[in-house]
Amino acid sequence: MAIHAAKTDTVFMQRALELATQGRGWVSPHAMAGAVVVKDDQIVGEGFLSGVGKEHAEVYALEAAGDAAEGATLYLNVEPCLACVRRIHDAGIRRVILATEDPNPMTSGRGLMALREAGIPTELGDSADAARRLNEIYFRYIACKRPFVALRTAMSLDGKIATSMGESQYISGPEATAHLQLLRATFDAVMLGINTVLQDDPDPDCTLPRCRNPLRIVVDSMARTPTAAKVLGKPGPAMSRPMTIVAVTKYAPEDRIRALQAAGAEVLVISETGDRLDPHVDLSKLMQVLGRRGITSVLVEGGATLNAAALQAGIVEKLYLTVAPIILGGPAPTPVAGMGVTFVEEALRLQRMTCGNLGDDLLIEAYLRDDL
């Protein structure tokens, strides 16, 4: 009987996690949250956090359940706030199953304690790992107050991101392109290097229906971004036009800075690494600035130079690597430039690597830290 109950709890918690994903890209800087009300092994109410300033997942689920919430069990992927605890109590919920506590110091442990003080038996379920991974951006941002940074790149089977002539389009298939759009919908910002902007003139919009376009960040030490570059955005409704930040160093010419500002970009002067002859934006300092602005996540869509700089700066937490079943050969660029390491023992070691299919391509996901 206990085994059956545990399996049932897992099934309903999985549904809460699925519901939470419907808030992807809209709830930052909050956690994605889902709620399921169950009575007599039947779902009688569901809800999820759909955006900043919206009602919490628990409220939607309890409203959907109505009188059926009396004596029911509530499944939540993340700990409720104190206001929601009162709603849960007033609705007559008999039992609450949580996947994780909320790491936010304003809530952590308080919702759990309030539920128990209200006489509502509350258990931490067995889906904690899945719940933390779902909200890994939120958990990391709360812990260190700087963005969760992921690096996304696509390459051929022999490790090339472009041909010897620089052509990089169509290395990956349509499924990989769709996955990139999902990432853009998930992350607060997309970060590009100036070389990519000058060579490819990319437009990092998110093309998914009803998506939120990410903030655009260009790492451009000398303010070389053309004022007509697509990354600077285009006229449109205020809610759909992404803001663009160009991060420069103190050595960037003032006239170029003014031109970028006139074109609608915000220019941030960030301290540099290197010297006057070869200055580079200090990416660690840039992440600190972005974190103070409440930007919780950054997706690096750079070329080999920015990828190398981000890895060397130690700002990358996660890697998304798409591998296409093609061989390009020749002296073509690889995903990571720079001098590289001298000895194998100095290599960056990836953690918890997984591999799946995206159409004909492979998607490798891995972490550069073991504390996520």
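1. Two strands are taken as paired if DSSP finds at least two bridges between them. The model is a predicted one, and in it β14 and β16 are joined by six bridges and run antiparallel. Within this pairing, Tyr-320 has Glu-365 in β16 as its bridge partner.

2. The hairpin formed by β15 and β16 has two residues between the strands, and in it Gly-359 adopts a positive phi near 65°. Strand β16 itself (residues 361–367) is mostly covered, with six of its seven residues buried.

3. A separate point concerns the open sheet of five strands, whose order is β2-β1-β3-β4-β5 and whose pairing is mixed. Its edges are formed by β2 (42–48) and β5 (122–124), each of which pairs on one side only. Neighbouring strands of this sheet are turned against each other by 20° on average, when direction is ignored. Strands β3 (residues 73–76) and β4 (residues 95–98) run parallel and are joined by four bridges, and Thr-73 stands opposite Arg-95 in β4.

4. Helix α2 (residues 57–65) has Ala-57, Glu-58, Val-59, Ala-61, Leu-62 and Ala-65 buried. The cover over these buried residues includes β1 (34–39), β2, β3 and α3 (82–90). Just after the helix, Gly-66 takes a positive phi of about 60°.

5. Is His-179 buried or exposed? This residue, which lies in helix α7 (residues 174–186), has a relative accessibility of 14% and therefore counts as buried, the cut-off being under 20%. Leaving aside residues up to four places away in sequence, His-179 touches Tyr-320, Leu-358 and Leu-363.

6. Finally, the second largest pocket holds about 710 Å³ of space. Its lining is made up of 20 residues, and those nearest the centre of the pocket are Leu-311, Val-336, Gly-340, Val-341 and Leu-348. The elements that contribute two or more residues to this lining are β6 (148–156), α11 (304–313) and β14 (318–324). Sorted by class, the lining of the second largest pocket comprises 15 nonpolar, four polar and one charged residues.

Methods. Residues are numbered from 1 along each chain as its sequence is written. This is a predicted model: local features need pLDDT of at least 70, side-chain atom pairs count only at pLDDT 80 or more; totals for chains, interfaces and linings use all residues. Side-chain values use heavy atoms; hydrogens and water are left out. On a 1 Å grid over the protein atoms alone, a cavity is a set of points where a 1.4 Å probe fits but cannot get out, and a pocket is an open set with protein on both sides within 12 Å along at least five of seven lines; lining residues have an atom within 4 Å of a point. Grid points are joined across faces, edges and corners, and a volume is the space filled by probe spheres set on the points. Ala, Val, Leu, Ile, Met, Phe, Trp, Tyr, Cys and Pro count as nonpolar, Asp, Glu, Lys and Arg as charged, and the others, Gly among them, as polar. Axes are lines fitted to C-alpha atoms, for helices over the stretch in contact, and angles run from 0 to 180 degrees between N-to-C directions. Buried means under 20% relative accessible area, exposed over 50%, partly exposed in between (1.4 Å probe, protein chains only). Contact means heavy atoms within 4.5 Å.
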